Amino acid sequence: MLIGEVARRSGVSARMLRHYESLGLVRPSGRTGSGYREYSGKDIQRIFHVESLRAVGLSLREIGRALDDPGFTPSALVDDLIRRTRERIAVETELLTRLHRVHATDPAGWEDVLQVVTLLGALGSTSADARQRAALASVDEVPVEALVEAALGEGDPHVAGALRWALERSGGRGPALLAEGLGSPEAAVRERAVRSLAEMSGGEVTALLRDALVSPDGVVRGYAALALGTRGEADAVPTLVDLVVAGTHDTDAADALSLLAGDDTAADRIAAVLVDRLSRDTTGASARGRLTQALAGLPGAASSRALRELLHDEDRAVALTAAYLLQLRDVG
């Protein structure tokens, strides 16, 4: 079969067939009496093999190895193709996301488009200063989705603070989008999500923080409880006591418990929880000392009574702490 007919039947141009021949990919088996290339059935089959491998992304050099190298391992090449394809998809997905975000701002002209593109690019800059400036300038120009994505991925505390400030003022779907980060498989993302929510106000945010109290992640539960405690949410009490026992943000947790003890009823209820934890055998000596100090921050008769009982505690350090705290109360 001559080259023209092969081109018609295979869909591969005569020019490309000659290129394949120059690379040694496909060599016609014979020549006619006039010197024209003549392709056999096996040659045509090889052409289709070349085209099939091109279709899955192999370069012509890789195709030559795949067809001619006896030691060639297809699995390694396929793995490499998968990796490259995923990278390409990631790049295209990022571009598509950025275009959607530009479109969401409903730009009135090219200047608006360029402004949004510039800010989006700055939010992804390797410079912390550039990211911080973009966060402080992007309240009205950048979609909230971009701010949330930046906040959940930001490791610099100063930039993170600027992004939280921007999210607090952006309104809309910011809290709900941040809450999705609470379920991330990455601990750092979960922490950024809850800390961002803790900086925001409003009933929706409070409800999301309440939901976070049952998170399997202790860090998420802790930050949620601290934020809820300052908002007067009694649901945070058990987790705040857990923080005191663990010695994690224990001073802040004790302060939050004091805020929640706004009346005698609430104070007595919190004191009962602290006393219960003090009585457990599993509570270590240092934890019992922190619980004793937390009791001192509560008003009312229940906390005073508990401190007096602790004067006779078997742990001398706890007894001395209780005596000192009672003395301070009497002076006060």
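Mentor: A salt bridge here is a side-chain nitrogen of Lys or Arg within 4 Å of a carboxyl oxygen of Asp or Glu. Keep in mind that this is a predicted model.

Trainee: Why is the pair Arg195 and Glu191 called a salt bridge?

Mentor: The closest N and O atoms of Arg195 and Glu191 are 3.4 Å apart. The cut-off is 4 Å, so the pair qualifies. Both residues lie in helix 11 (residues 187-198), four residues apart, which is about one turn of the helix.

Trainee: What makes Arg195 and Glu191 buried, partly exposed or exposed?

Mentor: Buried means under 20% relative accessible area, and exposed means over 50%. Arg195 has 32% and Glu191 has 28%. Both values fall between the two limits, so both residues count as partly exposed.

Trainee: How many salt bridges are there in the whole structure?

Mentor: A search finds nine. One of them joins Glu51 and Arg54, with 3.7 Å between the closest N and O atoms. That value is also within 4 Å, so the pair counts. Glu51 and Arg54 sit in helix 3 (residues 41-55), three residues apart, again about one turn. Glu51, at 25%, is partly exposed, and Arg54, at 37%, is partly exposed too.

Trainee: What makes the side chains of Glu233 and Arg210 a salt bridge?

Mentor: Their N to O distance is 3.0 Å, which is within the 4 Å limit and therefore meets the definition. This pair links distant parts of the chain, 23 residues apart. Glu233 is in the loop between helix 13 (218-230) and helix 14 (237-246), while Arg210 belongs to helix 12 (residues 203-212).

Trainee: Why do Glu233 and Arg210 get separate labels for accessibility?

Mentor: Glu233 has a relative accessible area of 18%, under the 20% limit, so it is buried. Arg210 has 33%, which lies between 20% and 50%, so it is partly exposed.

Trainee: Which residues form a network of salt bridges?

Mentor: Glu21, Arg31 and Arg37 are linked in one.

Trainee: How do you know whether helix 11 and helix 13 are parallel or antiparallel?

Mentor: Their axes come within 9 Å and cross at roughly 5°. Angles under 35 degrees count as roughly parallel, so that is the term for these two helices.

Trainee: Which residues make the contact between helix 11 and helix 13?

Mentor: Arg190, Glu191, Val194, Arg195 and Ala198 of helix 11 meet Val219, Val220, Tyr223, Ala224 and Ala227 of helix 13. By class, the contact has seven nonpolar residues, three charged and no polar ones.

Trainee: Which residues have the most contacts inside the largest nonpolar core?

Mentor: They are Leu240, Leu274 and Leu295, in a core of 64 residues. Helix 13 gives the most to this core, with seven residues. Leaving out residues up to four places away in sequence, Leu295 touches several others, including Leu274, Leu278, Leu307 and Arg329. Another core of 16 residues lies apart from the largest one, and Leu17, Val26, Leu58 and Ile63 are among its members.

Trainee: Why is Trp165 not called buried?

Mentor: Trp165, in helix 9 (residues 157-170), has a relative accessibility of 34%. Buried requires under 20%, so Trp165 is partly exposed. Its C-alpha atom is 8.3 Å from that of Ala135, a residue 30 places away along the chain.

How values were computed. Residues numbered from 1 in each chain as written. Predicted model: local features only at pLDDT ≥ 70, side-chain atom pairs only at ≥ 80, totals over all residues. Heavy atoms only, no water. Buried < 20%, exposed > 50% of the residue type's maximum accessible area, 1.4 Å probe, protein only. Axes fitted to C-alpha atoms, helices over the stretch in contact; angles between N-to-C directions. Parallel < 35°, antiparallel > 145°, perpendicular 65-115°, else oblique. Contact = heavy atoms within 4.5 Å. Nonpolar A, V, L, I, M, F, W, Y, C, P; charged D, E, K, R; others polar. Core = buried A, V, L, I, M, F, W, Y, C linked by side-chain atoms within 4.5 Å.
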